[in-house]
Amino acid sequence: MTDEMREQHKALREAALHFHEYPKPGKLEITPTKPLANQRDLALAYSPGVAAPCEEIAADPEMAAKYTSRSNLVAVISNGTAVLGLGNIGALASKPVMEGKSVLFKKFAGIDSIDIEVDEQDPAKFIETVAPLWPSFGGINLEDIKAPDCFEIEEALRERMPIPVFHDDQHGTAIIVAAAVLNGLKIAGKKIEDVKICTSGAGAAAIACLNMLMAVGARKENIWVADREGLVTKGRDNMVDRWRAAFAQDSDKTSLAEVMDGADIYLGLSAAGALKPEMLKDMAKDPLILALSNPVPEIMPELAREARPDAMICTGRSDYANQVNNVLCFPFIFRGALDVGATEINEDMKAAAAHAIAKLAHEPVLEAVPGSPSTFGRDLLIPSPFDQRLILRIAPAVAKAAMDSGVARRPIEDFEAYKDSLNRFVFRSGMVMKPMIDKARGQGKRIAFADGEDERVLRATQVILEENMASPILIGRPFVIEQRIERFGLSLKPGRDFEVINPEDDPRYREYVSLFHSLVGRSGVTPDTARTIVRTNTTVIGALAVKRGDADGLICGLEGRYIKHVRDIRSVLGLADGVNDVSALSMLIMPRGVFFLADTYVSMDPSVEEIVGIALQARDHLKRFNIDAKAALLSYSNFGSRDGDTSYKMRAAYTKLKELAPDLVVEGEMQGDLALNQMLRERYIPDSVLKGEANLLIFPNLESANLSMTLLKEMNNALPVGPILMGPRQPAHILAPSVTSRGIVNMTAITVNEALSSSR
């Protein structure tokens with residue numbers, strides 16, 4: 001490991017520890033779904049009211065899905081005997097991993113999950129501990145349990161628990177491998193029943209992969225397996241359990257290398273370096289190589305391509321094409337299984353998931369990452385783990401397979417309505433930033449940070465560089481920046497990782513002063529004042545860097561008044577064509593969904609024309625997030641129910657918007673509850689073009705917008721993104737002083753995307 005790699009590893013470790021400790025330890029919390037605001041609420045939630053649902057469930061167990069959270073609750077259970085990359089570290093030490101898995105369930109599929117770490121390594125005792133828990137949960141996800149114990153445990157629990165039991169280390173990998181194989185063989189023009197498969201590794205994942213491949217058509221007589229002791233054959237009797245023995249071939253050969261001749265598929269779930277380049281040379285034409293050992297695969301893709309340029313290659317790594325990542329499927333398989341009340345996740349359901357994943361890879365990529373393939377082919381055999389359509393394809397396919405195979409207790413009656421509910425979840429999930437971040441990667445856009453000495457900027461810079469999102473330019477004193485990098489334990493180096501603009505001594509100082517005075521000299525700024533400002537005002541320095549082309553975008557605002565930064569940016573960069581003034585769009589990512597609010601920071605009392613301009617600019621910004629705007633013009637009045645200055649203004653804005661942008665879904669004037677509640681809205685306007693919830697809330701003035709935004713943020717524990725400054729001629733954004741490092745990273749992605757758009 002090089003010194004640079006050691007520094008990166010140290011920085012990642014420190015960042016991970018900080019992430020897990022703050023703002024509160026761990027990654028999960030439990031929150032009630034009912035108000036519990038008064039004595040009556042308590043009486044309904046507990047004694048005596050709780051007796052009513054208890055009696056209903058006692059009479060009909062299926063009522064548990066109606067009256068409790070059980071049907072959307074999964075337990076992630078482990079004994080910590082095979083934690084990825086760490087081995088047998090025990091139940092307690094595995095808890096951060098299990099919490100993380102629970103977070104993924106919630107993030108990707110809206111499934112509530114709780115982690116349970118069982119301090120028991122005896123399989124029989126583990127089974128006896130877990131089996132009686134089935135009334136608590138809608139499903140069980142077994143995780144990080146060593147082989148062959150995991151086979152025995154899953155098999156026994158599936159027999160004893162009338163709910164889905166799924167060992168993701170086995171079946172999650174297997175389903176994605178099956179999808180990759182189906183698509184790889186399609187490109188190679190081969191049939192799965194004819195191909196020869198050679199496998200290194202005979203643990204839980206490898207055996208599950210082979211069983212899954214047979215479920216989609218592979219033949220056992222064409223499968224060769226090797227473990228650390230050599231080729232698994234019928235003549236070998238050392239350490240071959242019944243699961244591996246099922247794939248034993250009748251042969252006197254002893255190593256995988258001896259049987260690679262003519263192999264169409266190599267499947268590696270073993271160890272780094274297990275596949276040698278010379279072993280590839282005898283494989284069949286257009287071989288498919290699945291080298292899935294992590295973090296270092298059985299063979300690095302570069303070596304594999306050098307030996308076999310015609311090979312298709314999958315790894316478990318995110319920095320190569322065709323990443324086999326369990327998150328591609330396990331949340332969505334459980335989503336479909338839970339939604340129909342499945343009693344198990346059977347082979348039909350797993351095969352349906354594999355085919356759905358394979359099929360999705362053939363669809364055009366919605367938001368291609370620059371430099372990555374955007375159409376189906378050798379480098380796009382399986383979708384990205386962050387493709388927002390995964391839940392829309394896999395969950396319905398799994399649900400239907402459960403219904404067709406007779407294991408669904410609550411069949412879905414209206415699949416179109418079901419798919420629509422999944423589609424709404426996609427935009428509630430907080431994944432809205434992912435396309436922005438993906439598009440920013442690898443573009444090399446230079447983003448200037450006016451507060452380059454701030455800890456949050458430095459921590460964000462570390463992430464930005466690790467994610468290859470931008471080329472940071474930090475404005476600040478070099479010695480201060482270096483001292484703080486060392487204090488925070490970051491692996492950053494000025495000059496190597498980022499550029500520094502030193503306000504006290506930059507070679508471009510004279511040129512910056514000259515440019516600044518040419519822009520503001522007729523606004524009462526003397527040459528002496530200009531020199532002072534360019535020495536002391538980092539927002540002006542950053543804006544001048546953007547104006548000159550030394551940077552592609554600016555992020556500022558951690559210190560000082562927001563409106564002062566607005567004036568600085570406006571005076572240096574000017575306004576975009578057709579824009580009367582800048583305005584601010586704030587995004588809140590909440591459990592209920594993603595909402596955009598404007599104007600939250602700039603315009604005290606915008607005119608009708610300014611309201612219209614704000615709405616149209618906001619609509620264009622939403623398109624960058626792949627979101628179609630559904631705008632609500634807010635007031636204290638509902639469609640003329642009360643007259644006043646703001647109701648008049650919002651009515652006029654509605655009329656003008658309908659004239660200028662007839663395709664924009666917009667409604668108003670109306671109060672906030674009508675914007676989010678279609679049933680209430682229809683009492684006033686039954687034929688409104690706005691259906692469901694509005695996602696773009698336009699306020700009549702700054703007071704109402706800012707108060708609403710800050711209250712919603714705090715009351716809903718929302719993740720704020722922004723404010724997004726709309727209207728400057730070149731990309732520039734002013735952060736709220738309360739922003740976190742994560743918020744700075746998000747705004748960097750947005751700034752890069754704006755820079756990409758303006759450079760086209």
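**Figure 1. The crossing of helices α8 and α14 is right-handed.** The contact in this predicted model is formed on the α8 side by H171, I175, I176, A178, A179, L182 and N183, and on the α14 side by K350, A353, A354, H355, I357 and A358. Sorted by class, the residues in the contact of α8 with α14 comprise 9 nonpolar, 3 polar and 1 charged. Helix α8 spans residues 168-188 and helix α14 spans residues 347-360; their axes come within 8 Å and cross at roughly 45°. Because of this angle, α8 is classed as oblique to α14.

**Figure 2. Helices α18 and α29 cross at roughly 55°.** Helix α18 covers residues 455-466, helix α29 covers residues 741-758, and the two axes come within 8 Å. The crossing of α18 and α29 is right-handed. Helix α18 contributes R456, V457, R459, A460, V463 and I464 to the contact, while helix α29 contributes S741, I744, V745 and T748. The contact of α18 with α29 has, by class, 6 nonpolar, 2 polar and 2 charged residues.

**Figure 3. Residue H733 is located in strand β21.** Strand β21 runs over residues 732-734. H733 has a relative accessible area of 0% and is therefore buried. The side chain of H733 takes part in a polar contact of 2.5 Å with the side chain of E754. The H733 side chain also reaches the backbone nitrogen of L725, at 2.9 Å. Leaving aside residues up to four places away in sequence, H733 touches L554, I555 and C556, together with P723, I724 and L725, and also M747, I750, T751 and E754.

**Figure 4. Residue E682 belongs to helix α27.** Helix α27 comprises residues 678-684. E682 counts as partly exposed because its relative accessibility is 34%, a value in between the limits of 20% for buried and 50% for exposed. E682 and L17 are separated by 665 residues in sequence, and their C-alpha atoms are 50 Å apart in space.

Conventions
Residues numbered from 1 in each chain as written. Predicted model: local features only at pLDDT ≥ 70, side-chain atom pairs only at ≥ 80, totals over all residues. Heavy atoms only, no water. Axes fitted to C-alpha atoms, helices over the stretch in contact; angles between N-to-C directions. Helix = DSSP H or I, 4+ residues; strand = E, 2+ residues; numbered from the N terminus. Parallel < 35°, antiparallel > 145°, perpendicular 65-115°, else oblique. Left-handed = near helix turned anticlockwise from the far one by under 90°. Contact = heavy atoms within 4.5 Å. Nonpolar A, V, L, I, M, F, W, Y, C, P; charged D, E, K, R; others polar. Buried < 20%, exposed > 50% of the residue type's maximum accessible area, 1.4 Å probe, protein only. Polar contact = N/O pair within 3.5 Å; in protein donor to acceptor, adjacent residues only side chain to side chain.
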